[in-house]
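Hello,

Here is the structure we spoke about. Please look it over first; notes on what was found follow below.

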Amino acid sequence: IKDEEKRLSEEFFWGFYGFLEGEPILQKIVECIDDDINKPAEMADRLGVAPKDIYNARKRLQRKLSDYRTAQDQKLSSTDGGKING
């Protein structure tokens, strides 16, 4: 089960990362989160931007995550005949 969870987690991560194509700051924030850098000040320091830029980007990242999840749900429901749980 752990191997399957890891595979699904990696699949989600790279799918979302690809979904952020054209948004390099958002991709870099995702990289920071993956590296356990979660504080905006630390992210800003690592990325060489102002902390306020991180706060604004994280708001955009939340919207993108919601959009990605919606797209994944729609993709899933279109491939299984509309049944989400089987």
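**The largest pocket**

The largest pocket holds about 200 Å³ of space. This is a predicted model, and every value in this email is computed from it. Lining the pocket are F12, F13, F16, V30, I33, D34, L61, Q62, L65 and R69. Three elements, α1 (2-19), α2 and α4, each give two or more residues to that lining. The largest share comes from α4, with 4 residues. By type, the lining residues split into 7 nonpolar, 1 polar and 2 charged.

**The protein as a whole**

The secondary structure consists of 4 helices and 0 strands, which gives the pattern α-α-α-α along the sequence. The radius of gyration is 15 Å, whereas a compact globule of 86 residues would be near 12 Å. Along the principal axes, the C-alpha atoms fill a box of roughly 45 × 25 × 20 Å.

Of the 86 residues, 22% are buried. The accessible surface is about 6500 Å², and carbon and sulfur atoms account for 50% of that area. Taking contacts between residues at least 6 apart in sequence, 46% join residues at least 24 apart.

A57 belongs to helix α4 (residues 51-79). Its relative accessibility is 1%, so A57 counts as buried, the cut-off being under 20%. Which residues does A57 contact, leaving aside neighbours within four places in sequence? They are I25, L26 and I29. A57 and I25 are 32 residues apart in sequence, yet their C-alpha atoms are 7.3 Å apart in space.

Q27 lies in helix α2, which spans residues 24-34. Q27 has a relative accessible area of 15% and is therefore buried as well. Not counting residues up to four places away in sequence, Q27 touches Y17, L20 and E21.

**A residue in a loop**

D36 sits in the loop between α2 (24-34) and α3 (40-47). Is D36 buried or exposed? D36 is exposed, because its relative accessible area is 64% and the cut-off for exposed is over 50%. The backbone at D36 is also worth a look: phi is positive, about 65°, although D36 is not a glycine. Most residues other than glycine have a negative phi.

Regards

Notes:
Residues are numbered from 1 along each chain as its sequence is written. This is a predicted model: local features need pLDDT of at least 70, side-chain atom pairs count only at pLDDT 80 or more; totals for chains, interfaces and linings use all residues. Side-chain values use heavy atoms; hydrogens and water are left out. Buried means under 20% relative accessible area, exposed over 50%, partly exposed in between (1.4 Å probe, protein chains only). Contact means heavy atoms within 4.5 Å. On a 1 Å grid over the protein atoms alone, a cavity is a set of points where a 1.4 Å probe fits but cannot get out, and a pocket is an open set with protein on both sides within 12 Å along at least five of seven lines; lining residues have an atom within 4 Å of a point. Grid points are joined across faces, edges and corners, and a volume is the space filled by probe spheres set on the points. Ala, Val, Leu, Ile, Met, Phe, Trp, Tyr, Cys and Pro count as nonpolar, Asp, Glu, Lys and Arg as charged, and the others, Gly among them, as polar. The radius of gyration is taken over C-alpha atoms; the globule rule is 2.2 Å times the number of residues to the power 0.38. Accessible areas come from the Shrake-Rupley method with a 1.4 Å probe; for residues, only the protein chains shown count as cover.
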